[in-house]
Amino acid sequence: MSRKYVIAGNWKMNKTPAEAAALIGEIKPLVADASCDVVVGVPFVDLPAALEAVKGSGIGVAAQNCHWEKSGAFTGEVSADMLKSMGVGYVILGHSERRTYFGDTDVTVQKRVRAALDAGLTVILCVGEYLEQREQGVTGEVVAMQTKIALGGVSAQEMARVIIAYEPVWAIGTGRTATAAQANEVCRLIRGTLAGLYDAKTAEDTVIQYGGSMNAGNAAELLAQPDVDGGLIGGASLKAPDFATIVKAAK
Ligand code: PGA
């Protein structure tokens, strides 16, 4: 098993470029001795400032979306190649806010994943069920379907550049975290889906994060679960000390 924890901040639509540089400046010394991979996912316009600010640290920079075409008449969109050309290493795809508010579907997420991998980026692929789906007992089916469709055409070798973030939609930004057991159960189920799609080794090697109201207080318990290999953190990633506490819990 060669998994390493990955702790990624998802800043969503927060921070100007100057504010992003300042927050990274605060985070840098606090995570200098991290034993996990650390990533910050920032708005598009913050990418140049973030890439500059992380220099000299091991912190990776993620965009929060990309389009699937290389170029063309897609007003307002940004391609995976554009991100790669600036030195961006990661892209968050299929976040539930993109799916809920901006029309992303399993099929468009699959196209974005394909484009991002072709461009050489590492993908943080988000999957997760709505509350009604959990209550109806179809969490496993929903998450397996999202995972299978998004990874259509992705090879076992390419899975080394795919991180999966299990984010139950009811836990995002609500303060209502999945229990450690719930988080682990679904992360394990995703690993089982990967074993079916690929093989046992690929499933064992893939990093599967939990996301949804992870914070400085609950991170240690969530990250101690055997199938939880990191976190995708929204609100708490905007506070350097809290983010650093989560990073320290990932060992
Ligand atoms: P949250 O967001 O930590 O604020 O719940 C997580 C996410 O949306 O990635």
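Which of the 13 residues around the ligand come nearest? Lys-12, His-95, Glu-167, Gly-173 and Ser-213 do, where a residue is near a molecule if one of its heavy atoms lies within 4 Å of it.

The model is predicted, so that local features need pLDDT of at least 70 and side-chain atom pairs count only at pLDDT 80 or more, while totals for chains, interfaces and linings use all residues. Residues are numbered from 1 along each chain as its sequence is written, and side-chain values use heavy atoms, with hydrogens and water left out.

**The ligand and its shell**

The shell around the ligand is made up of four nonpolar, seven polar and two charged residues; here Ala, Val, Leu, Ile, Met, Phe, Trp, Tyr, Cys and Pro count as nonpolar, Asp, Glu, Lys and Arg as charged, and the others, Gly among them, as polar.

| Residue | Protein atom | Ligand atom and distance |
|---|---|---|
| Asn-10 | polar side-chain atom | oxygen, 3.4 Å |
| Ser-213 | backbone N or O | oxygen, 2.7 Å |
| Gly-234 | backbone N or O | oxygen, 2.8 Å |

Taken alone, the ligand exposes 280 Å², of which the protein buries 95%, with areas from the Shrake-Rupley method and a 1.4 Å probe.

Strands (E, at least two residues) and helices (H or I, at least four) are DSSP runs numbered from the N terminus. In strand β5, residues 122–127, six of six residues are buried, that is, under 20% relative accessible area, with exposed meaning over 50% and partly exposed in between (1.4 Å probe, protein chains only). In a regular strand the side chains alternate between the two faces of the sheet. Both faces of β5 are covered, with Thr-122, Ile-124 and Cys-126 buried on one side and Val-123, Leu-125 and Val-127 on the other.

Two strands pair if DSSP finds at least two bridges between them. Strand β4 (residues 90–93) pairs with β5 in the parallel sense over four bridges, and Ile-92 stands opposite Ile-124 of β5. Strand β6 (residues 162–166) also runs parallel to β5 and is joined to β5 by five bridges; Tyr-166 in β6 is the bridge partner of Val-127.

Helix α8 has 18 residues (180–197) and should span 26 Å at 1.5 Å a residue, which agrees with the 26 Å between its end C-alpha atoms; the expected span is 1.5 Å times one less than the number of residues. Its buried residues include Ala-183, Cys-187, Ile-190 and Leu-194. Lys-201, in helix α9 (residues 200–205), counts as exposed because its relative accessibility is 57%.

How values were computed: Polar contact = N/O pair within 3.5 Å; in protein donor to acceptor, adjacent residues only side chain to side chain.
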